[in-house]
Amino acid sequence: MKAVRHISFDVWMTLLDTRVFYREIARHLAEIKGENPETVYNIIQRGYIAVKEARRRGKIDPQNVLESSFKIAQKATDGFLAFDEVAEAVSRAVNTIDPQSLVLDEAHVLLENLSKKYSLSVASNVVFWPGYITRTILAKTGLSKYFGVQVYADEVCCLKPEPCMFEKLYEKTGAEVEEWVHVGDSFREDFLGALAYGLSAILIDRNRVYARGYFKGFKACIIGSLKEVPACLKIFFGEKI
């Protein structure tokens, strides 16, 4: 029996806009701290960049992803990002954000079409909130119904681009590497991580950092938006969707 073709997705800045959610978090954190929301937003971004750099250097403890990330963000922001205050701001933001304001590139249409032909899953790292928060937001947007499996770094004690993240997804989906495409916005964590595991990979490069196109020798596509994903799948699988 032929294996079911599988597409896995990163979440933040692939399907959902992190910047919009950070601004809502910043609004609530500014209220808690009595600070200017724009100032708080910039501080959150500084903490985020520090965590991403630490992740690149292998400084995040995979056994305690959230706490490890938060300690780095706190240090980078001179203690401004206190865990309890950020957790409260995130909790408020989940309840006040317009879920549809987070959705990128007509993701609803893409996922609905793909779900008719492929099995779909999520593989996501975490920074300031645990995976269950992202699960909740995906449910609020209506996107979660398209995914049979969701895997988050804090739940499986592993971070992309490490092979163990894709291995955890394999254990839950049974997807074969020859029939599996991963889609994400991070060149290192999603694109290179997927290719290293033996998957086909699609990089969503909205900022036009890399050359666009299909790279046959690497089973790879670099595109500008989710709307272009079907064209890559047609090349990978040799069929229309």
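How many nonpolar, polar and charged residues does the lining of the largest pocket have by class?

**Entry 1. Basis.** I worked from a predicted model, in which local features need pLDDT of at least 70, side-chain atom pairs count only at pLDDT 80 or more, and totals for chains, interfaces and linings use all residues. Residues are numbered from 1 along each chain as its sequence is written, and side-chain values use heavy atoms, with hydrogens and water left out.

**Entry 2. Largest pocket.** I looked up the classes of the lining and found 14 nonpolar, seven polar and ten charged residues. Here Ala, Val, Leu, Ile, Met, Phe, Trp, Tyr, Cys and Pro count as nonpolar, Asp, Glu, Lys and Arg as charged, and the others, Gly among them, as polar. The lining has 31 residues, and Trp12, Met13, Tyr48, Lys52 and Asp185 lie nearest the centre of the pocket. A pocket is an open set of points on a 1 Å grid over the protein atoms alone, with protein on both sides within 12 Å along at least five of seven lines; a cavity is a set of points where a 1.4 Å probe fits but cannot get out, and lining residues have an atom within 4 Å of a point. The space in the largest pocket is about 660 Å³, a volume being the space filled by probe spheres set on the grid points, which are joined across faces, edges and corners.

I then asked which elements contribute. At least two lining residues come from each of α1 (18-33), α2 (37-56), α9 (187-197) and β5 (200-204); α2 gives the largest share, four residues. Helices (H or I, at least four residues) and strands (E, at least two) are DSSP runs numbered from the N terminus. Domain 1 (6-16 + 104-237) and domain 2 (18-99) each supply at least three residues of this lining, with bounds from an automatic or database domain assignment.

**Entry 3. Largest cavity.** My search of the whole structure gave one cavity of 30 Å³ or more. The largest cavity has a volume of about 30 Å³ and is lined by Tyr22, Ile25, Ile44, Val86, Phe128 and Trp129. By class, this lining has six nonpolar, no polar and no charged residues.

**Entry 4. Helix packing.** I found α2 packed on α3 (residues 65-76) at about 125°, with the axes 8 Å apart. α2 is therefore oblique to α3. Axes are lines fitted to C-alpha atoms, for helices over the stretch in contact, and angles run from 0 to 180 degrees between N-to-C directions. Under 35 degrees counts as roughly parallel, over 145 as roughly antiparallel, 65 to 115 as roughly perpendicular and the rest as oblique.

**Entry 5. Loop between α7 and α8.** I noted that the peptide bond from Lys160 to Pro161 is cis, with omega near 15°. Pro161 lies in the loop between α7 (153-156) and α8. Cys157 is placed in the loop between α7 and α8 and, although not a glycine, has a positive phi of about 55°.
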